[in-house]
Amino acid sequence: MRRFFVTLLLCSMAHFLSAQELDCRITVNTDNIEGTNKDIYTELGNRLTEFMNSRRWTDAMFQNEERINCSFIITITSAAGDNYSGNLQVQSNRPVYNSSYTTPLFNFKDENFKFTYAQADRLEFNENTYESNLMSVMAFYVNVILGLNFDSFSRCGGTKYFEKAEAIAALAQSSDDLGWQAFQSDKNRYAIISEYRDERLRKLRDVSYEYHRLGLDEMAQLAEKGRTKIYENLPYLQELNREKPFSIALQLFAESKMNEIMDMFQDATPDERKKVYDVMTAVLPTQSPKLKALLNN
């Protein structure tokens with residue numbers, strides 16, 4: 001907890017002029033592809049990065065330091081002409097008020113990512129049509145990231161962006177591309193957005209707001225007040241897990257916060273640490289060995 005608070009107490013960054021919403025980095029990993037000209041992959045990463053950072057995704061005004069830090073790592077495992085297959089790792093972070101600390105919001109590996117790309121292709125996205133799996137997938141995850149970010153600043157503030165992601169998924173279901181189909185997987189794009197739009201998981205979105213806005217954002221100035229708010233909300237994760245076991249949205253939240261929570265409560269009382277351990281192992285049973293560090297202090 002001491003290390004966590006020291007990080008939070010670092011001075012805040014200066015304000016700059018209004019900027020786009022995203023501070024996005026896109027990397028194309030081709031370690032599994034041999035004997036090909038890799039310039040096209042570097043070009044693809046650069047063009048996608050430029051597209052993501054230059055497009056206006058919302059009507060909100062962002063200061064430069066408020067831009068959403070996110071990364072997309074495209075790992076290509078096979079290539080045939082202009083057709084590529086692989087996976088996509090998506091991560092995003094959120095700044096904490098009055099500090100230089102950033103907290104993870106989303107970390108997901110999309111295992112079914114196929115797309116077509118040629119160097120002459122224009123990178124465009126139209127919300128009303130499904131034209132390119134590459135651009136639809138990018139836009140889908142941008143809106144998920146925006147939804148999570150806005151949820152963390154106001155209660156269910158990200159609804160319109162989850163609705164946009166849901167609309168992208170609905171249009172994509174007319175295609176044969178993997179990852180969009182209902183009930184094809186409990187961890188594909190359709191499953192993710194279905195859960196963020198599910199009223200039964202509304203409490204998870206409330207927990208996210210209280211964790212970030214009423215918890216972390218308070219900790220730089222009122223450390224114990226912020227930590228107490230987070231502690232009070234953790235039992236809701238256990239309740240949600242009982243109501244909807246194996247929820248992908250719940251697992252993503254818990255996985256993204258696990259290390260942070262362990263650091264935050266490492267110097268808490270034994271009773272508090274035991275409660276945190278019980279909650280987190282209920283949601284993330286495979287992480288029980290690592291979480292036992294909470295009990296050994």
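**Alanine 118**

Helices (H or I, at least four residues) and strands (E, at least two) are DSSP runs, numbered from the N terminus. This is a predicted model, where local features need pLDDT of at least 70, side-chain atom pairs count only at pLDDT 80 or more, and totals for chains, interfaces and linings use all residues. Residues are numbered from 1 along each chain as its sequence is written, and side-chain values use heavy atoms, with hydrogens and water left out.

Is alanine 118 buried or exposed? I noted it as buried because its relative accessibility is 18% (buried means under 20% relative accessible area, with a 1.4 Å probe and protein chains only). Aspartate 82 is 36 residues away from alanine 118 in sequence, yet 5.7 Å away in space, C-alpha to C-alpha.

**Aromatic pairs**

I then turned to the rings and found 16 aromatic pairs (ring centres of Phe, Tyr or Trp, its six-membered ring, within 6.5 Å; edge-to-face means planes over 60 degrees apart). Phenylalanine 62 and phenylalanine 150 pair edge-to-face, at 6.2 Å centre to centre and 70° between the planes. Phenylalanine 62 belongs to strand 3 (residues 62–63) and phenylalanine 150 to helix 3, so this pair ties together parts 88 residues apart in sequence. Both phenylalanine 62 and phenylalanine 150 are buried.

**A charge over a ring**

My last entry is lysine 203, whose charged end sits over the ring of tyrosine 236, 4.0 Å from its centre (NZ of Lys or CZ of Arg within 6 Å of the ring centre and within 35 degrees of the ring normal).

Definitions and conventions
Buried means under 20% relative accessible area, exposed over 50%, partly exposed in between (1.4 Å probe, protein chains only). Rings of Phe, Tyr and Trp (its six-membered ring) pair if their centres lie within 6.5 Å; planes under 30 degrees apart count as stacked, over 60 as edge-to-face and the rest as tilted.
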